[in-house]
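My entries follow in the order of the look-ups.

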Amino acid sequence: AAFSPTDVWAVGYYRAAPAPSPRRSLAEHWNGTSWTIVPGTFSTPGDTEINGVAALAGGQAVAVGYGRQAQGAPQAALQFDLSTVGPQRAFQVSSPGSDTDLYAVAEASGQVWAVGSWRLNNSGPHLTFVASAFYTSGSLPQLTGGTSASPGTTSTGSVLFAVSAISATGFWAAGTATNDAIGVDQTLAELWCRPHLDLSAPASTQAGAAFSLTVTATNLDDSLATGYLGTVHFTSTDPQAQLPGDYQFAPADGGSQTFAGVQLQTLNSQSITATDTIEPEVSGSATVLVSCLGTCQVPAATPGDRGTRQAPPTSPPPRSSAPGTAAAPGPKTAASPPKTVAPKRATPIAASTRPKSGSVFLTTRSGMAPIATRRTSSPSIAGHAVSSVIRTAVIGSPAPVPAPWYALLLLSVLAALALFARLLQPRS
């Protein structure tokens with residue numbers, strides 16, 4: 001494995017004496033001029049062999065293989081951390097069986113993959129074995145095994161000998177599998193990808209309203225990953241969101257779980273993300289549009305305003321297109337039944353404008369109410385809008401209604417008749 005033309009690793013084994021002496025792990029490094037045997041490689045009383053290596057950084061590599069506690073004893077999968085400047089390290093990789101071996105290792109996007117085989121005992125069939133670990137520069141990965149790359153195989157034996165990492169979420173592996181029908185080994189090639197998480201949430205919600213969120217683990221082909229048993233952690237772009245706590249999937253979940261009582265508080269588009277606490281690449285997000293619950297509050301009023309300013313209506317009242325003309329009042333809504341109360345003295349009305357938004361408000365006993373919205377900051381135009389609706393804005397003080405013309409005419413006729421009748425009376 002080469003990190004650069006002057007940083008190359010080669011691994012394998014050697015014997016200190018002719019067979020049947022045990023094999024010893026061997027690692028060498030090329031610096032562009034010569035090869036150097038790396039001191040301190042791991043040895044056991046039985047065989048120890050390095051089968052594969054991957055260069056991680058300058059002067060650093062990870063290798064895999066196996067070791068035995070004694071000749072003829074079961075194999076144990078081993079990880080070897082190789083370095084040109086620091087001490088070497090080797091340790092056993094956990095596995096589902098007692099007889100394991102790792103043959104190849106690869107790294108991509110901070111993820112290390114190793115493949116091999118395992119079996120329960122020396123006489124049982126070999127099955128594919130995968131180990132993985134995260135890697136960050138300056139640290140050492142620690143492989144954790146136990147994942148079978150062929151959980152559904154019906155073969156009596158399968159082994160993975162080579163691996164090529166695609167990314168942090170998947171790899172290609174190749175090996176052999178026994179064909180039970182004809183009793184021979186045949187080529188085995190597999191593509192493995194981590195499941196991803198799909199989040200299902202309502203497209204929109206109101207601030208503070210509770211809703212349900214469903215997290216589903218799916219495979220590369222979007223089929224349900226029923227065997228997913230990871231622990232998920234929730235985050236959101238809304239700092240005031242109420243989210244579920246960390247949850248570990250159980251076999252009974254079948255790869256899907258619904259969480260109730262989720263709330264978002266901040267307006268506009270917000271996202272919720274679920275991430276596996278062990279494998280951060282296993283994650284998913286959902287976006288929810290948050291709107292007001294009831295009447296939205298807007299920034300505080302400018303000096304001189306009173307009460308709480310309300311947001312303008314979605315559809316502003318119609319207005320004249322001519323500059324300086326009064327805005328027409330909006331459509332009337334059904335009024336509540338009239339209350340029998342004494343007329344109240346009209347409360348003075350103050351007009352308030354916001355130069356940036358152009359919204360005009362009236363101050364009444366019930367607070368601020370929008371009366372017009374204009375694409376202008378002209379106070380004079382706002383004044384026209386106020387004067388045009390002053391009659392309808394004052395609560396409890398209707399404007400005086402002028403006397404109808406026909407009443408005046410009737411009074412004039414009656415006065416004329418009375419005068420005429422008086423003239424007809426005989427004089428005494």
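Entry 1, strand pairing. I began with strand β14 (residues 170-179), which is joined to β15 by 10 bridges, the two running antiparallel. For the terms: strands (E, at least two residues) are DSSP runs numbered from the N terminus, and two strands pair if DSSP finds at least two bridges between them. I looked up N179 and found V184 as its bridge partner in β15.

Before going on I noted the basis: this is a predicted model, where local features need pLDDT of at least 70, side-chain atom pairs count only at pLDDT 80 or more, and totals for chains, interfaces and linings use all residues. Residues are numbered from 1 along each chain as its sequence is written, and side-chain values use heavy atoms, with hydrogens and water left out.

Entry 2, the sheet. I traced an open sheet of 3 strands in the order β13-β14-β15, with antiparallel pairing. Its edge strands, each pairing on one side only, are β13 (158-167) and β15 (184-193). From one strand to the next I read an average twist of 20°, with axes as lines fitted to C-alpha atoms and angles running from 0 to 180 degrees between N-to-C directions.

I took a nonpolar core as a set of buried Ala, Val, Leu, Ile, Met, Phe, Trp, Tyr and Cys residues joined through side-chain atoms within 4.5 Å. Buried means under 20% relative accessible area, exposed over 50%, and partly exposed in between (1.4 Å probe, protein chains only). The largest core has 22 residues, and those touching the most other members are L197, L199, V215, Y228, F234, L264 and I272. Two or more residues each come from β16 (196-200), β18 (211-218), β19 (231-236), β21 (256-262), β22 (268-276) and β23 (283-291). β18 gives the most, 4 residues. Apart from this core I found another, of 17 residues, including A57, V93, V112 and F129.

I sorted its residues by face: L197 and L199 are on the covered one, while H196, D198 and S200 are on the uncovered one. β16 pairs with β18 in the antiparallel sense over 5 bridges, and D198 has T216 as its bridge partner in β18. For L199 I listed contacts (heavy atoms within 4.5 Å); leaving out residues up to four places away in sequence, they include L213, V215, I272 and A286.

Where is S123 placed? I found S123 in the loop between β10 (111-119) and β11 (127-134). S123 counts as exposed because its relative accessibility is 70%. I also checked S123 against D99: they are 24 residues apart in sequence and 9.9 Å apart in space, C-alpha to C-alpha.
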